[in-house]
Amino acid sequence: MALSTQTGSAGSAFPWKYDVFLSFRGEDTRKRFTDYLYDKLLWRGIRTFRDDPHLVRGTTISPELLTAIEQSRFAIIVLSPNYATSTWCLLELSKILECMEERGSILPIFYEVEPSDVRHQRGSFAEAFEEHEEKFGEGNKEVKGWRDALTKVANLAGWSSKNYRYETELIRDIVKELWSKVHPGLTLFGSAEKLVGMDTKLEEIDVLLDKEANDVRFIGIWGMGGLGKTTLARQVYERVSHQFEVCIFLANVREVSATQGLVHLQKQILSQILKEENVQVWDEYSGITMIKRCFRNKVVLLVLDDVDQPEQLENLVGENLVGENLVEENLVEEKKWFGSRSRIIITTRDRRVLVTHGVEKPYELKGLNEDEALRLFSWKAFRKYVPEEDYAELSKSFVMYAGGLPLALKTLGSFLYKRRPDAWNSALAKLRSTPNKTVFDLLKVSFDGLEEMEKKTFLDITCFSSQGQAKFIIELLYGADVCTRIAIEVLAEKSLLTISSDNEIVVHDLIRGMGCEIVRQESYKEPGGRSRLWLHKDIFHVFTENTGTEAIEGILLNLDKLEEADLNLEAFSKMRNLRGPTPTVRLRPQNLKSGLADEQEGAMVKATTSRSSGSDDEYYSAEE
């Protein structure tokens, strides 16, 4: 038997094979109402069973159909004028009641019939039962059961087509209601850990969405890599998408744009709107025109995930859609891209992308607090929300290292799952010198998008300063260089650092570790081939072995006390690219450390012994 089904992507994440079973009289509604309803259910990703129109009907229901009813979570029964004339439909109805009546998962639609006529078998239903009783005999037990089934269904809350002016409105309400029943309090991908720390964020985003407001609204979600921007956007999308006419989640905009171009992204949008796989888009301008026409006057939910360039927004949702400096006529014209109550959600690491597009106050996503972080880490490491007793202190160390970053917590927790304590200690020790590759690669995406001046400034901050010292290091290295100020502002916009209310520069420990690893990768085996030196052992290696090179741009040495060492100052002769008015090595009276990113030692080198004003730091000359 051939079956026509739509099996959503969630698959094994749900206990039911089908979300809904459609029961209907084919000659009444198959080619019109039921087909439109099925199409919309398919559009929303609701796994729906619909029988094959070519199936040969008989007096008994097929085993495949009985199984489909048993494996369906809900049933929609389209009660049309000729529904009761079909013994097949009545057999389906009896089976549906048998399986679903107690759990309250039957949804009747009274299509061009009165509920009272169904309840009391009047009108066309009376005529149908006259034929059944003539065929099977008066008082037939099975026919009586069919009457009882219709009466029970007619007493259930449902929809009446006579209450709607247009069938599209009726179908929209049905799909919306069914979606809310299929996915109550949706957990993304059926995974419980995704909800850790998410409830408050979802509530805050819901306020920004203000779905009842009759306007077009853009919501930006901004933050460093690994915080869960995509997860949050996906959660919001899944929870509210049933309330919109057109729903599109465009993932990996940055990556797809870089590898396949903006036209490919435009085709993705158009394919989902038009339900066509091969949409012809000749260039970016024609793509803009087509998208604008398709979106116009429609209530749209569009998520653009991981945007990193303003032109991506310009070619996918138009230019400068909102903003105080726009003239009113242009604002009105651009908003015509979307119908009223449309919502566009944009996730990005770069706040400037949002600001230049008129999203003045994006939602800044923060990391998890300590309790939330421990719960998430424990879920991945132990498959429960609290750590095992023997691992409690080690778990806290890993949570402290992750600094509230969900990606790091999940990656490390999964790696440590079912490993012995000695393996945990070994992994913790390794993280002191080498960051986790998965976390490093994801964070480095932001660094790769920087200009050269911004990269230099970022590496100076991450390699030469511990928390609270970044501002001093920048002043030492760059003085009043105005270019550095804009570089620091760009780094903050790209979520690589934050500037506190008292104007201090703060860097997440994992971002700092990423910067240090970038420099280490310049020359893994020989420190003299790196652009920056800050570790005690590396600096002494370079000066005792005379392995300095032109690659070295800065050295920061932090000592508890002045140590005697056989330093070969000729090493300076090879360091022709040391920056600063006079290359200086800086000695601090105490070692400043931060979390696992310890040994943040260091600074530059100077000529004759001297003291800087207002500082206890001593400077020693490299010159004779």
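In strand β8 (residues 246-250), V246, I248 and L250 point one way and C247 and F249 the other way, and all are buried, where buried means under 20% relative accessible area and exposed over 50%, with a 1.4 Å probe and protein chains only. Five of the five residues of β8 are buried, so the strand is largely enclosed by the rest of the structure. Strands are DSSP E runs of at least two residues, and helices are H or I runs of at least four, numbered from the N terminus.

This is a predicted model: local features need pLDDT of at least 70, side-chain atom pairs count only at pLDDT 80 or more, and totals for chains, interfaces and linings use all residues. Residues are numbered from 1 along each chain as its sequence is written, and side-chain values use heavy atoms, leaving out hydrogens and water.

Now helix α18, residues 392-402. Its buried residues are L394, S395, F398, V399, Y401 and A402. The face turned away carries the exposed E393 and M400. After α18 comes G403, with a positive phi near 60°.

What do the buried residues of α18 pack against? They pack against α17 (370-382), α19 (406-416), α20 (421-431) and α25, contact being heavy atoms within 4.5 Å. Leaving aside neighbours within four places in sequence, F377 is in contact with residues including S395, F398, V399 and W424.
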